[in-house]
Amino acid sequence: MVAGKTFYRFQLSTLFFLLQYKENNRFGGKVSTLAPDRTRYLRVPPQQNGGFSGALAAPACLQGGHTVMRKLHHIGLFIALVCLATGVARAQSFRVQCPTSTVTHPVAANNNAEPAYAGPTYTGTSGFPVAPAHVNGAIKCQQISGGDGFATMGDGTQTYMFSFGPLSGLADIANGQPGTEFPSVFNTVYSGTPLLPGDPATTGLPAFTYNGAVGLVPDGDNGGAINGHVDARPIEDVGVMNGNIPAPLMAIDEDDEFFLTLTNVGMIMRPDLFEQHTVHFHGYPNASAFYDGVPDASVAINIGGSFTYYYLAPDAGTYFWHCHITPPEHLQMGMVGQLYVRPRQNRVPIGGSLYNALVAQQTDPRTACNSAADILCSNPVPAVVPVSNGRAATGNYAYNDGDGSTHYDVEYPIQIHGFDPNFHFVGMTFNPEGFTDMKDKYFLLNGRSYPDTVQSGPLETNSTDGANHFSQPLPSIINIPAGGKALLRISDLDVTEYQTLASLGIPMHVIALNAKLLRDQAGINLAYDSNSITLAGGESLDVILDATNYTAPNTFYLYTPNLDHLSNDAENFGGLMTEVHVCTSVDPLTKVGVGCN
């Protein structure tokens, strides 16, 4: 039975019981609030006048020597409570949302792949066209859980987390890829043996291949339609204690519509906390505060409830996201993840002019970048028309540069974070958390400290439910094809520290800061080379490592020069360090290199 309906019936049955008890209580008709060992002495007579239903029409009667009148406000109270129960029931039901078509993407068959760019979608000034000349982008969906879990640090310590976990795209996330899916994949109903706690780690890779929405089932009340109706059991089986650090990776393309469902499964290790959760896209150009995840201006999701956020993708760049309930606590405890938006320039046909495509897009008032009129313009046309600007046959671009200057062969999301082990320990043991004493001692790249950063594949942690979970699915090794380029999408979600990363051997070519291309209003390229970058919490950088003059095999290091951050819990060697491999070839999807060492 659906969780919402079950909860609704439970609320109503409880409500009727309390109201009947009120009618039959010999002590003035009031429900006792005494402790259980004292309430057993209450004397309740047999039901009179049909309980509550009879009370609606019954005259006054004697109870405990007092005359009690059935007043109209009792009826009003009942109606109000029924309405409240209905509202709570609806708020507490699990559900997902992934439409196959929308007003801006009207043809369902075209929304399961990114169409080639042929021109701007909209060039008018009043109202969206019924049939736009060019429909760009597609629809993408993802489901995540809000709960708790454990992660294993570089010295073997298991650390408790408040965390997000995957409830769709499970196989892709376990393989280090984004869990964002097209409707044809997301809306696939699972078939086979029941999903198990810990999946996909329990079933194992590569046997586990399911990427659809966990719990999705046909709606029997609507002819078996796939409309977001779910079975709560597999959601709880997979979502509980299945937290990831970093949180599930998200990736969309410019002009996409993105439907993100957050389901709050509760925190098993802290049953005393009725924690709400939200999703806040940090620095993201949201059109409405309603979907911004800041509870003051948005909504917060209770335990047992789901909420679907809706986003457009107007600006390419590297962003990140986190829970915005008590941010210092929830960020420190691990509720942080990364998001990036790929540029529409990637969809220009091979050989097509990148410059002409960028100029054409300026006629769309929603994305136009007029430096003379808009000082916040973030993606102007290059100052000089490039001599060669055809779309490359391989690789992609980080931004709509118009000149190919942000081209890369393989991309890597790199999230910097830090854990204070004492804060996490007291967070698990029901003790007051010391916010003023918060001090990170585990320093993480994609949730891992060295030497785990140079281990391929997902890391498993055995949790208190007895099952293994892929707690840290995103690898930190960087493989670059010889003569090629790697894009590092670096974000820092650290709560207490500034972080520095250095690359000795392969210079860092910094092309963007905080999802903004480094280009001035005149269109002049401001990208620069460096051997180190420094980030504060809440910042992102896009960096290209260029292996044009390097041969395979070769190994370099990406590490922090802050020596106290090269440790695990202030002891041993570890912290912010990973390896950069120059390989003969690298698969751009799986990141697996050949001839690396």
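This is a predicted model: local features need pLDDT of at least 70, side-chain atom pairs count only at pLDDT 80 or more; totals for chains, interfaces and linings use all residues.
A disulfide is a pair of cysteine sulfur atoms within 2.5 Å.

Residues are numbered from 1 along each chain as its sequence is written, and side-chain values use heavy atoms, with hydrogens and water left out.

How many disulfides does the structure hold? It holds three. Counting bonded cysteines along the chain, their pattern is 1-2, 3-4, 5-6.

I begin with Cys 98 and Cys 141, which are joined with an S to S distance of 2.0 Å. Their link is right-handed, with 85 degrees about the S-S bond. This pair links distant parts of the chain, 43 residues apart: Cys 98 is in the loop between helix 4 (72-91) and strand 3 (139-152), and Cys 141 is in strand 3. Helices (H or I, at least four residues) and strands (E, at least two) are DSSP runs, numbered from the N terminus. Cys 98 is buried, with a relative accessible area of 10%, and Cys 141 is buried at 0%. Here buried means under 20% relative accessible area, exposed over 50%, and partly exposed in between, with a 1.4 Å probe and protein chains only.

Next, the sulfur atoms of Cys 369 and Cys 377 lie 1.4 Å apart. This link is right-handed, with 80 degrees about the S-S bond.

Then there is the disulfide of Cys 583 and Cys 596, with 2.0 Å from S to S. Cys 583 lies in strand 26 (residues 577-583) and Cys 596 in the segment after strand 28 (593-594), so the pair ties together parts that are 13 residues apart in sequence. Both Cys 583 and Cys 596 are buried.

I now move to helix 9. Which residues of helix 9 (residues 354-361) are buried? They are Leu 354, Tyr 355, Ala 357, Leu 358 and Gln 361. They lie on the same side of helix 9 because they cover an arc of only 165 degrees around the axis, the arc being that of the directions from the helix axis to the C-beta atoms. These buried residues pack against strand 11 (396-397), where contact means heavy atoms within 4.5 Å.

Finally, Asn 264 is in strand 6 (residues 257-264) and is buried, with a relative accessible area of 1%. Among the residues that Asn 264 touches are Phe 94, Gly 146 and His 277.

Definitions and conventions. Lists of a residue's contacts leave out its neighbours within four places in sequence.
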